[in-house]
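Dear colleague,

Please find the structure below, handed over for your records.

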Amino acid sequence: MVPITRRKPALSCVLLTDRLTAESARWFSDIKTLTDELVIFVDINRADQETRGWAAGLATRLYEVPGKGFVEAHLREMFEACRCDWILRLDSDEQLSINGPESAWRDFLASAEYNHYQLPRRWLHPAGGFIAGEPWWPDPQFRLFRNELKQIIFPKLIHEPMHRREEAGRIAH
């Protein structure tokens with residue numbers, strides 16, 4: 001009898017940005033090694049040439065869009081551009097605690113108990129480093145989820161969170 005081998009789930013990472021720096025580009029370069037694709041949307045109304053250059057060098061696929069003033073207005077089109085089983089949504093001014101080898105992430109996603117997870121994030125400060133105190137750290141956010149867009153309730157307002165009807169898992173920092 002031939003053993004059945006299961007394909008490890010594929011992971012997309014997606015972000016909309018109008019500003020990337022050398023520090024954030026290094027962070028997204030690390031993220032790219034953990035994912036199967038890094039989909040970047042660049043706000044053409046606000047991004048400078050340096051940001052466009054960083055994005056072009058990092059992205060698996062790059063989209064230039066006229067920004068609508070806030071990320072939440074673009075979430076549906078961003079997620080529709082993702083081709084993998086799972087989506088990791090990031091903002092260009094944040095970092096997540098997702099340490100560990102890629103294989104650990106693949107095993108986690110393959111045996112995932114939930115369809116979406118809140119992950120701790122830290123906000124990067126424009127002068128460098130990050131804000132280490134509450135409420136900015138660990139500030140868990142809905143950032144990792146199965147690519148099942150019909151199950152997601154997309155926000156309509158700035159800073160409004162996404163939702164799914166079922167319970168979210170939490171990944172500790």
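Is Glu148 buried, partly exposed or exposed? Glu148 is partly exposed, its relative accessible area being 31%; here buried means under 20% relative accessible area, exposed over 50%, and partly exposed in between (1.4 Å probe, protein chains only).

The model is predicted, so that local features need pLDDT of at least 70 and side-chain atom pairs count only at pLDDT 80 or more, while totals for chains, interfaces and linings use all residues. Residues are numbered from 1 along each chain as its sequence is written, and side-chain values use heavy atoms, with hydrogens and water left out.

The structure contains 6 salt bridges, each defined as a side-chain nitrogen of Lys or Arg within 4 Å of a carboxyl oxygen of Asp or Glu. Helices (H or I, at least four residues) and strands (E, at least two) are DSSP runs, numbered from the N terminus.

Glu148 pairs with Arg164 in one of these salt bridges, at 2.8 Å from N to O. Because Arg164 lies in strand β10 (residues 163-164) and Glu148 in the loop between β8 and β9 (152-153), the pair ties together parts 16 residues apart in sequence. Arg164 counts as buried, at 8% relative accessibility.

Asp91 and Arg143 form another salt bridge, with the closest N and O atoms 3.4 Å apart. Asp91 lies in the loop between β4 (86-89) and β5 (94-96) and Arg143 in strand β8 (residues 141-146), so this pair joins parts 52 residues apart in sequence. Both Asp91 and Arg143 are buried.
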